[in-house]
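Okay, thanks for coming, everyone. Let me put today's structure up and talk you through a few of its contacts.

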Amino acid sequence: MPETATVLALESSCDDTAAAVVSGVPGDMHILSSVVYGQTDLHAGFGGVVPEIAARAHAEVLDVCVAAALRDADLSLDDVDGIGVTCGPGLIGGVVSGVMTAKGLAAASGLPLYGINHLAGHALTPRLTDGVQFPYLMLLVSGGHCQFLIAHNPVRFERLGGTIDDAPGEAFDKVARLIGLGQPGGPAVEAAARSGDAARFAFPRPLTHKPGCDLSFSGLKTAVLRARDDCVDDLNQLRAQDQADLAASFQAAVADSLAAKTAHALSVYLAQNPHQPVLCVAGGVAANMAIRTVLETVCSAFDTDFLAPPLGLCTDNAAMIAAATIEQMPHRAPDGMGLSARPRMPLDTESAAMLGSGKKGAKA
């Protein structure tokens, strides 16, 4: 590995097609370009991401996305030291599209190929943005995942707990549909909640009084459904204020649940006596300012620094995959043409899967 590495990376695990170029050394990296092609308009009429549509859209724009990332960085493949790509977990059609494109680039250029766990990209983002020192506590909250992790080094992550059912982002999307808001659900619920009364509905905070760091959001979603049914009028419609109050009460319940379990996770983490204790948060739900505020309050009570990446690096992007590649290069060999796309890919391979396991492997 060169002293300073420049990596081109691809990300296509859900509904954002992304490519980026990052250069530097572990803990000191710079984003030279970051291109993201979203698919919100393609899925808007379906109330969520349609995997087949997402996969087709990725295949159509990945080459354009790569060309744009190289152009914005003012580089060619000859200036790159390696290719990184998300190889899982995610919607398998999109992951396959990215992996096959990356294999083609690697084969044509002779560059080493590195398959990166999408969750590692999020978990290592604090190293890209702030050079945070190991070990740090990471709360990964996104549309498909919710986990508390201690990042010990670029390839070792210790899971303390996570959701046993819906991820927070998934719950936001489902609640947005239940109360008649648009998609993606996270921003829609957050916007509606600003004019709502968070105390109107006494929604549950599942598992908050139980030990450990596991969370649950499925029952909360059901409680919102029942409250909505009590609010609809004779025409089966909700008033705008009812929507706002439901959104605000739901968001407060999610924030309280995350705060309670973050306190548990911080206790476990701090017992390991880290030199510079810090809680980092990443993933799409980390863009929610109400949740960020609650987590900052918890960290203050534990005398622990709080770090959230810029909003553009909270959601899926390829800069985090390129940075994770640079971080992992000194710790592992390239993957080569045998790299497989995986719909399931736990980050902590030593802990038992939280959500069970099937023919395709552990879910989380």
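**Salt bridges and a helix crossing**

So, Arg200 has a relative accessible area of 36%, which makes Arg200 partly exposed; with a 1.4 Å probe and protein chains only, buried is under 20%, exposed is over 50%, and partly exposed is in between. Quick caveat: this is a predicted model, where local features need pLDDT of at least 70, side-chain atom pairs count only at pLDDT 80 or more, and totals for chains, interfaces and linings use all residues. Residues are numbered from 1 along each chain as its sequence is written, and side-chain values use heavy atoms, leaving out hydrogens and water.

Who does Arg200 form a salt bridge with? Asp242, with the closest N and O atoms 2.7 Å apart; the rule is a side-chain nitrogen of Lys or Arg within 4 Å of a carboxyl oxygen of Asp or Glu. That pair links distant parts of the chain, 42 residues apart: Arg200 sits in the loop between α7 and α8 (218-231), Asp242 in helix α9. Helices here are DSSP runs of H or I, at least four residues, numbered from the N terminus. Asp242 is buried, at 3%.

By this rule there are ten salt bridges. Another is Asp166 with Lys174, at 3.6 Å, N to O. Asp166 is buried at 8%, while Lys174 is partly exposed at 21%.

Now the helices. Val189, Glu190, Ala192 and Ala193 in α7 meet Ala244, Ala247, Ala248, Phe250 and Gln251 in α9, where contact means heavy atoms within 4.5 Å.

Technical notes
Helices (H or I, at least four residues) and strands (E, at least two) are DSSP runs, numbered from the N terminus.
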